[in-house]
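This briefing gathers selected features of one protein model, grouped by topic. Please read the points below alongside the sequence and the structure.

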Amino acid sequence: MAAVPVIALTGHLGAGKTTLLNHLLRHPRTRIGVVVNDFGDINIDAALVAGQVDEPASIAGGCICCLPDGGGLDDALIKLANPARRLDAILVEASGLADPVAIARIIGFSGIRGIRPGGLVDVVDAVNHFDTVDCGALPPVRYGAASLIVVNKLDQLPEGERAAMVQRVTQRAAQRNPRVHVVPTTGGRIAPELLFDASATSGQVGQLSFLDLEPEHDHDHVHADAVAVRSSGCVDPDALVDLLEDPPPQVFRLKGIVAVRHRATVRGYVVNLVGSAIHIGPAPRRGVTANRLVAIGMDLDADAVRARVDSALQPAPGRASAQALRRLDRYLRLSA
């Protein structure tokens with residue numbers, strides 16, 4: 001069973017975290033586990049949560065980063081990581097008062113089997129962000145923890161000011177985190193495929209669009225692009241790690257399986273990249289000789305992305321070098 005991504009959802013009070021969460025929960029035939037931090041005014045649509053998991057876990061008593069031993073977060077994740085639940089992802093919605101840096105550390109170092117870090121999504125209120133969150137001379141540290149920043153509530157700004165707002169957030173965030181991705185939206189409507197593999201769309205290639213389930217609102221459809229590349233034989237770990245450490249522009253996620261030749265054996269590896277976080281683990285079965293990687297992001301240059309990924313998946317002559325295997329092993333250890 002593949003490790004379940006755990007995605008942290010943060011943002012200042014009123015930025016639209018719960019709206020974004022409920023949007024993701026509406027995705028058809030998707031099973032999402034939810035951990036809600038019951039601090040302040042949390043207004044999750046209970047019917048939607050209950051429709052996705054049998055017993056959504058909840059943490060009470062304060063913001064996650066301040067509670068002893070994760071405040072029960074580990075217990076909630078262990079429960080939701082049970083393979084019998086067959087979850088596509090686990091979403092942790094933190095209080096608006098929580099520290100994103102601390103939350104990212106708690107999830108990243110949980111050590112729970114069956115899960116992996118799935119990134120941190122920080123929701124920004126386009127109207128009030130620079131009066132409440134980013135109002136100092138230096139960009140706030142929270143930018144450095146985010147893998148995806150969602151600039152929400154753009155419909156509440158005059159149309160002529162929206163692009164400038166997104167650009168301002170992007171420039172400020174890049175000072176702390178050059179690899180961060182910024183997505184503009186209204187109503188928390190982002191493509192689920194940016195965050196996890198939805199059961200309803202698993203295996204599809206091309207433009208990954210999702211259903212407009214709120215027809216009363218005339219929003220533009222948001223979509224994620226996907227580029228899939230396959231090859232046979234064994235790949236060069238150096239080329240693979242180079243791709244993961246420096247992915248093509250606008251690629252937010254890379255996922256797939258690859259084969260690498262060691263001295264006398266061929267070993268398969270599961271590869272996941274979210275933002276700048278790289279996760280590599282052993283494939284569930286040995287003898288993998290077919291490689292496949294899917295690159296996912298917004299507004300991709302499909303031809304350029306395909307060329308980069310294809311280059312990384314070219315068959316390598318002979319066994320991998322000791323130096324290349326050490327680079328691969330480093331990420332294996334970090335991901336364990």
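This is a predicted model: local features need pLDDT of at least 70, side-chain atom pairs count only at pLDDT 80 or more; totals for chains, interfaces and linings use all residues.

A polar contact is a pair of N or O atoms within 3.5 Å, where, within protein, one atom must be able to donate a hydrogen and the other to accept it.

**Arg253 and its surroundings**

- Arg253 is found in strand β10, which spans residues 251–261, and because its relative accessibility is 2%, Arg253 counts as buried.
- A polar atom of the Arg253 side chain lies 2.8 Å from the backbone oxygen of Glu193, and the side chain of Arg253 also makes a polar contact, at 3.0 Å, with the side chain of Asp197.
- Once neighbours within four places in sequence are left aside, the residues in contact with Arg253 include Glu193, Leu194, Leu195, Phe196 and Asp197, and also Leu273, Val274, Val294, Ala295 and Ile296.

**Strands β6 and β7**

- Strand β6 (residues 148–152) and strand β7 run parallel and are joined by four bridges, and His181 in β7 is the bridge partner of Leu148.
- In strand β7 (residues 181–184), His181 and Val183 make up the covered face, whereas Val182 and Pro184 make up the uncovered one.

**Nonpolar cores**

- In soluble globular proteins, nonpolar side chains tend to be buried together.
- The largest nonpolar core has 33 residues, and those with the most contacts inside it are Leu77, Ile90, Ile149, Val151 and Met165.
- Among the elements that each supply at least two residues of this core are β1 (4–11), α3 (73–80), β4 (89–93), α4 (100–108) and β5 (115–125), together with β6 and α7.
- Ile149, not counting residues up to four places away in sequence, touches Asp122, Val124, Tyr143, Val169 and Ala173, as well as Val180, His181, Val182 and Val183.
- A second, separate core of 29 residues includes Ala15, Leu21, Ile32 and Ala226.

**Cysteines**

- The structure holds zero disulfides.
- Cys135 has a relative accessible area of 53% and is therefore exposed, whereas Cys234, at 8% relative accessibility, counts as buried.

Technical notes. Residues are numbered from 1 along each chain as its sequence is written. Side-chain values use heavy atoms; hydrogens and water are left out. Buried means under 20% relative accessible area, exposed over 50%, partly exposed in between (1.4 Å probe, protein chains only). Two strands pair if DSSP finds at least two bridges between them. Contact means heavy atoms within 4.5 Å. A nonpolar core is a set of buried Ala, Val, Leu, Ile, Met, Phe, Trp, Tyr and Cys residues joined through side-chain atoms within 4.5 Å. A disulfide is a pair of cysteine sulfur atoms within 2.5 Å.
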